[in-house]
Amino acid sequence: MVFLTTAENGSFSDAARKLGVSPAAISQSIARLEQELEVRLFNRTTRQLTLTEDGRRFYAQCRGPVNNLDTAISQLKASRDEPAGHLRVSMPNSFGRRFILPLMDEFCSLYPKVRIFFGLDDHFSDLIEDGYDVGIRVGMMPDSRMVARHLAQIPLYVVASPEYWDRHGRPTVPEDLTAHDCINFQFPTSGRLFKWEFDKDGERTPVDVQGTYTLNEMEAVCELARLGMGVAQLPGHEVMPYIRRGELEAVLTQYVSLERSIYICFPHREHVAPRTRVFVDFITERLAHHPDIMADLPGLDLASKRLAAQPALA
């Protein structure tokens, strides 16, 4: 840059004023450059400073790349003001398709220069190792290396089809479930079975259940319950649409547990790209008031339960 500025201004003193350094510093920089290149770049006289033939050729070769560098710096600075560029988002398959993808038409109309890659993965990939900018996590605490926002606590409902309850009777306490055909969910990552737990007198109470079916995909568990093939304990965001349509009926609502939570997380607290910041803010606002996540059922006061079950990470 010292060489280019000197060549364009025709003197060490003018170049020094433009770069905010002393003429001696300019002269010393040019001398070091000529020594490194082993060529003379300028012809020096008491009256003027002119490029040599090698200097003119070197100037022509440097000007284009430096222009490109200037453009890159300007674009990067501009991107700090306007959200733009590529954003990589990791999220659970079912939750992402049901709650995040339907919001994207609105998001992209607000921020048309943002390009998004979604990794739909129920195995919770490592955000940093896999190069993700944002992760949405359901039912698990985010990696401690992440900056995390707690979005909502999720009620766990015990559901079956109305026909199933009519045939087998509706339980009145959680322990009644031991007499029912309960559909188990197996976590695909660890292979362990999901534990059925309830909020009883302010304490978390587990219940050992048995059943014909075990599945490692939550939507499939929901589908079996909808078909009348057993009882399931599922998060509210999975079952609320079916409850509203009368295809599933929730019982034991007074014992609902709020042990699962939704988080949105990202790897860095400082120098967060505008595209990341606006995406996190947008999703936080939309999910915080989503009717299928925050809805109450008759006999269930989720507001007081949420107040009593504050998350460990906010």
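This is a predicted model: local features need pLDDT of at least 70, side-chain atom pairs count only at pLDDT 80 or more; totals for chains, interfaces and linings use all residues.
## Basis

Local features require pLDDT of at least 70 and side-chain atom pairs pLDDT 80 or more, while totals for chains, interfaces and linings use all residues. Numbering starts from 1 along each chain as its sequence is written, and side-chain values use heavy atoms, without hydrogens or water.

## Chain overview

The chain contains 12 helices and 13 strands; these are DSSP runs, numbered from the N terminus, with helices (H or I) of at least four residues and strands (E) of at least two. Of its 314 residues, 44% are buried (under 20% relative accessible area, 1.4 Å probe, protein chains only).

Among contacts (heavy atoms within 4.5 Å) with a separation of 6 or more, 73% are between residues 24 or more positions apart.

## Helices H1 and H3

Helix H1 (residues 2-9) packs against helix H3 (residues 23-37) at about 115°, with the axes 10 Å apart. Axes are lines fitted to C-alpha atoms over the stretch in contact, and angles run from 0 to 180 degrees between N-to-C directions. The pair is therefore roughly perpendicular (65 to 115 degrees).

From H1, the residues Val2, Phe3 and Thr6 meet Ile26, Ser29, Ile30 and Leu33 of H3.

Technical notes
Buried means under 20% relative accessible area, exposed over 50%, partly exposed in between (1.4 Å probe, protein chains only). Angles under 35 degrees count as roughly parallel, over 145 as roughly antiparallel, 65 to 115 as roughly perpendicular and the rest as oblique.
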